[in-house]
Amino acid sequence: MTQYQYNSADLVRPTDLNDREQFLLKDSKTFCIYPWIHLHAYPTGEAYPCCHAEMRYPVGDCRKNTLAEIWQGPSMTQLREDMLAERPNPACGRCYEQEESGFFSGRRSANKHHGHHIKKLESNPFEMTYWDIRFSNLCNLSCRSCGHIFSSSWYQDQIKLAGPEWAKHNRPLNIAGRDPEDMWNQLLPHIDYVEQIYFAGGEPLMMDEHYRILEELERRERFDVRLIYNTNFTQVKLKDRYVFDYWKKFKSVAVGASLDAMDLRAEYIRNGTNWNTVEDNRRRMIDICPNVDFYISPTLSIMNAWHLPDFHKSWVEQGLIRAQDLNVNILQDPAHYRIDIAPMKYKQRLRIRFEEHLDWLRTQDPLQRATVGFESAINFMMGSDNTQLLEVFWRKTHELDAIRGQNLLSVIPELEALQ
């Protein structure tokens, strides 16, 4: 079997391409297949062409319109026209920025994994072969880099930060559709031709909708559907339904665990985490469904950048992952947590630390995903200067520390160098 090449633009499912299609999928700087196969819904109802899209540019509102109406609406139509004309669209700014730093962006990954649908450009049928619907913001954690939009557990902290007037216009639990059953009912007609489902949240392993989808796929014997997860990995059951029992039935399951750090650092950055539970869940998963693809998907921020190499090595040495099983997710928003807020002296020290880690990593990483992630993080960090956001970082950190009874420097002492 040919070794999967993470940073290659070669299609996962090869298909005959004419010159135009070859250019769009492999050489274009703007084209992405997602707007022809996919719509993404936030827990607050805003619709986007994908989860990487800039939040300032929704393409519709799932609380007012159906997915079909948004699919054919003016914003999605304009986006498709821009992509085909090689015009940058502001909604796609995050991918453009990632590509400038050498990351294998969401846009390029979409073309690689879903490019076999390129013939749909001719007819544009409303057939969502890739799903990423965030049914709600239900979540048991209140991570530093998150907020109320994606986590119901943020609600009380957000009231203390924003005030009682904010509380009057917001509720703890957000749902994506016009009613609790709306998204489910709209997705069902697409279930016979869906190829890949991305479960995220909120926390997907806490959501009833997640298990309903797995049960419907099981009923239809659609074990060929590829399941991909972004999960905090603190919850692996809902009532009497264990997710491991479902995963072992499907041909392809990839679990990206949103783990940024170990021990107390993990519990500070992703508030509500019990680190012992996370490690226990990983060991149980190895016993029950060892063939499921599991990798750490850390959000790389100023808070965990120094510690991440130690975390990576520790889990490899414990046999919980292979060296290649790490996917660096570079934080771009909120901007005050970006790694490029660090002063140059700290950046230079961090660069040396990453380069030393890369010396350990490269010979163990045939997939090249982890290697490319750290290399691109160096480029991202060194390529821009956002030190003007340091004041914002400290102010917001102190505000949240006061609310939660925490202290950043007692848990992450290396950040004292930023003061």
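Here are some questions and answers about a predicted model.

Me: Before we start, what kind of model is this, and how are its residues numbered?
Reply: This is a predicted model, where local features need pLDDT of at least 70 and side-chain atom pairs count only at pLDDT 80 or more, while totals for chains, interfaces and linings use all residues. Side-chain values use heavy atoms, leaving out hydrogens and water, and residues are numbered from 1 along each chain as its sequence is written.

Me: Are α4 and α5 roughly parallel or roughly perpendicular?
Reply: Helices here are DSSP runs of H or I with at least four residues, strands are runs of E with at least two, and both are numbered from the N terminus. Helix α4 (residues 93-100) packs against helix α5 (residues 106-114) with axes 8 Å apart and an angle of about 95°; axes are lines fitted to C-alpha atoms, for helices over the stretch in contact, and angles run from 0 to 180 degrees between N-to-C directions. Angles under 35 degrees count as roughly parallel, over 145 as roughly antiparallel, 65 to 115 as roughly perpendicular and the rest as oblique. So α4 and α5 are roughly perpendicular.

Me: Which residues of α5 make the contact with α4?
Reply: Contact means heavy atoms within 4.5 Å. On the α4 side, the residues are Cys-95, Gln-98 and Glu-99. Those of α5 are Gly-106, Arg-107 and Arg-108.

Me: Is Gln-98 buried or exposed?
Reply: Gln-98 is found in helix α4, and its touching residues, not counting those up to four places away in sequence, include Phe-103 and Ile-330. Buried means under 20% relative accessible area, exposed over 50% and partly exposed in between, using a 1.4 Å probe and protein chains only. Gln-98 has a relative accessible area of 10%, so Gln-98 is buried.

Me: How far apart are the C-alpha atoms of Gln-98 and Gln-332?
Reply: Gln-332 is one of the residues that Gln-98 touches. Along the chain, the two are 234 residues apart. Their C-alpha atoms are separated by 9.3 Å.

Me: Which backbone oxygen does the side chain of Thr-273 reach?
Reply: Thr-273 sits in the loop between β11 (270-271) and α12 (275-288). This residue is buried, with a relative accessible area of 11%. At 2.7 Å, its side chain reaches the backbone oxygen of Arg-270.

Me: How many salt bridges does the structure hold?
Reply: A salt bridge is a side-chain nitrogen of Lys or Arg within 4 Å of a carboxyl oxygen of Asp or Glu. One of them joins Glu-216 and Arg-219 (2.7 Å, N to O). The number of salt bridges in the structure is 33.

Me: Is Arg-219 buried or exposed?
Reply: Arg-219 and Glu-216 both lie in helix α9 (residues 208-219), three residues apart, about one turn of the helix. Glu-216 is buried, with 13% relative accessibility. Arg-219 has a relative accessible area of 59%, so this residue is exposed.

Me: How many residues apart are Lys-249 and Glu-218?
Reply: The side chains of Lys-249 and Glu-218 meet in a salt bridge at 2.3 Å, N to O. This pair links distant parts of the chain, with Lys-249 in the loop between α10 (243-247) and β10 (253-257) and Glu-218 in helix α9. They are 31 residues apart.

Conventions. Polar contact = N/O pair within 3.5 Å; in protein donor to acceptor, adjacent residues only side chain to side chain.
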